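Try each task before you read its solution.

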Amino acid sequence: MSSRVAFPGPWMAYRRAMSSRPAAGGGRWVEVDPGRVARWVEGFTGRHGPPTTTVQEYGLLLTAPDGATAELHTPPGASASADVPGFVASATAARRLGLLLARKGAVAVGVADGTDLVVSKVDTRYVQGRTAAGGWSQQRFARRRDNQAKAALGDAAELAVRLLLPEAGTLAALVCGGDRRAVDTVLADRRLAPLAALRAPRLLDVPEPRHAVLVAAVAAARAVHILVR
């Protein structure tokens, strides 16, 4: 299945916002499609002069003559590289990534082979919203809501066991998205230890998981994050 689909409006807004955003401590984060990294580096060189390249734990550091820097962070599942051509080759190479998106009562799991989503499943379960009621009524609703959320995350773990766990041996990395606490709860299931070991540091800030969101997450998982200062 091709990853080129019509995304929901909120997700498109997120993707536009994530293309460039301020970074803590100064500078900005730029999110670049792997196939456009070489062109981006050419633009950086044209603006700031030919940079020196230094291998770092996160990827490559480009330092220009005028003091500008660009940190190229290796995307999930890609191998480390000693220079820009190697970085681009590694970032653009086809690799299998697992995807686990979880928020409240919704979960989406998938496997991407290169840019294509080849395995996918979305599951939703009702979780009651917050109530303005007070006293015992509010406590009763809160307990019910907590129980519904726990049941939903239990279902999410079962889904991951069924669809993602058999693929663990073929995955270069597992990229998660949504609510960190919900993802942590799902991966705390002991059966999913092989997947938890593949978890990438990147957490995708996705809206409530739906199939179109899962498809769009493939590009977000493969994107190269660059910190420019």
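This is a predicted model: local features need pLDDT of at least 70, side-chain atom pairs count only at pLDDT 80 or more; totals for chains, interfaces and linings use all residues.

Residues are numbered from 1 along each chain as its sequence is written, and side-chain values use heavy atoms, with hydrogens and water left out.

**Exercise 1.** Find how many salt bridges the structure holds, then examine the one between Glu167 and Arg96.

Solution. Start with the term: a side-chain nitrogen of Lys or Arg lies within 4 Å of a carboxyl oxygen of Asp or Glu. The structure has 8 such bridges. In the bridge of Glu167 with Arg96, the closest N and O atoms are 2.8 Å apart. Now place the partners. Glu167 sits in the loop between α4 (135-163) and β9 (173-178), and Arg96 in strand β6 (residues 96-103), 71 residues apart. Helices (H or I, at least four residues) and strands (E, at least two) are DSSP runs, numbered from the N terminus.

**Exercise 2.** Locate the partners Arg103 and Asp205 and state what their salt bridge ties together.

Solution. Their N to O distance is 3.2 Å. Arg103 is in strand β6 and Asp205 in the loop between β10 (199-204) and α7 (211-222), so the bridge ties parts 102 residues apart in sequence.

**Exercise 3.** Is Arg199 buried, partly exposed or exposed?

Solution. Recall the cut-offs: buried is under 20% relative accessible area, exposed over 50%, partly exposed in between (1.4 Å probe, protein chains only). Arg199 has 27%, so Arg199 is partly exposed. Its salt-bridge partner is Asp184, at 2.7 Å, N to O.
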